[in-house]
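User: I would like to learn how to read helix packing and aromatic pairs in a model. Can we work through a case together?

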Amino acid sequence: MVPQIRTGKIVMLFTFIALVISFMGLFAMSTYFIRQRSREVAVRKVFGSDNSQILKKLVFVFMGYVGIAFVIATPFIWYIMRDWLSGYSYRISLNPLIFVAAGAFCLFISFITVFIQCYEAANENPVERIKAE
């Protein structure tokens, strides 16, 4: 097998493993975030909020955190990638579309993960949650 193909397969494998690990971390972080606010969700439901209002509030707060993290990380990533790519003889320019696509993918995955967790929290019986605490 050609060394470049073998290296490409190894890189793809470790990329997949890194994505799975980061997805598990995101899932754990969103679970912690929702469980931390479970009493707030229960109180809001008791006072008459419906599930869509609760979902909207929780998802937008978490998406704000993800957006802020992306905005902070983008300049560092751009600087490191530009410096790394300058060492090659065939240079390419960094297209801002790459960062937009990566940010959209991160927001999409984060939205799906958080929405599932928030949906479960919003449909939980508020009496059981308050009684447990």
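Predicted model: local features only at pLDDT ≥ 70, side-chain atom pairs only at ≥ 80, totals over all residues.

User: What is the relative accessible area of Trp84, and is Trp84 buried or exposed?

Analyst: Trp84 has a relative accessible area of 54%, so it is exposed; the cut-off for that class is over 50%.

User: How is a pair of aromatic rings described?

Analyst: Now the case here. Trp84 and Tyr88 form an aromatic pair, 5.7 Å centre to centre, with 85° between the planes. That pair is edge-to-face.

User: Are Phe111 and Phe115 stacked or edge-to-face, and why?

Analyst: Stacked, because their planes lie at 25°, and planes under 30 degrees apart count as stacked. The ring centres of Phe111 and Phe115 are 5.7 Å apart.

User: Where do Phe111 and Phe115 sit in helix α4 relative to each other?

Analyst: They are four residues apart in helix α4 (residues 96–122), so about one helical turn separates them. Phe111 is partly exposed, at a relative accessible area of 35%. Phe115 is partly exposed too, at 32%.

User: How many aromatic pairs does the structure hold?

Analyst: Five. Ring pairs also link Phe33, Phe62 and Tyr65 into a cluster.

User: Next, helix packing. At what angle do α2 and α3 pack?

Analyst: Read the angle together with the axis distance. Helix α2 (residues 38–46) and helix α3 (residues 51–85) pack at about 150°, with axes 10 Å apart. That makes α2 roughly antiparallel to α3, because the class takes angles over 145 degrees. Their crossing is right-handed.

User: Which residues make the contact?

Analyst: From α2 come Glu40, Val41, Arg44 and Lys45. From α3 come Asn51, Ile54, Lys57 and Leu58. By type, the residues of this contact divide into three nonpolar, one polar and four charged.

User: Which residues is Ile130 in contact with, leaving aside its neighbours within four places in sequence?

Analyst: Ala42 and Val46. Ile130 itself is found in helix α5 (residues 126–132). Ile130 and Val43 are 87 residues apart along the chain, while 8.0 Å separates their C-alpha atoms.

User: What is the relative accessible area of Ile130?

Analyst: 37%, so Ile130 is partly exposed.

Note on methods
Residues numbered from 1 in each chain as written. Heavy atoms only, no water. Axes fitted to C-alpha atoms, helices over the stretch in contact; angles between N-to-C directions. Helix = DSSP H or I, 4+ residues; strand = E, 2+ residues; numbered from the N terminus. Parallel < 35°, antiparallel > 145°, perpendicular 65-115°, else oblique. Left-handed = near helix turned anticlockwise from the far one by under 90°. Contact = heavy atoms within 4.5 Å. Nonpolar A, V, L, I, M, F, W, Y, C, P; charged D, E, K, R; others polar. Phe/Tyr/Trp six-rings, centres within 6.5 Å; stacked < 30°, edge-to-face > 60°. Buried < 20%, exposed > 50% of the residue type's maximum accessible area, 1.4 Å probe, protein only.
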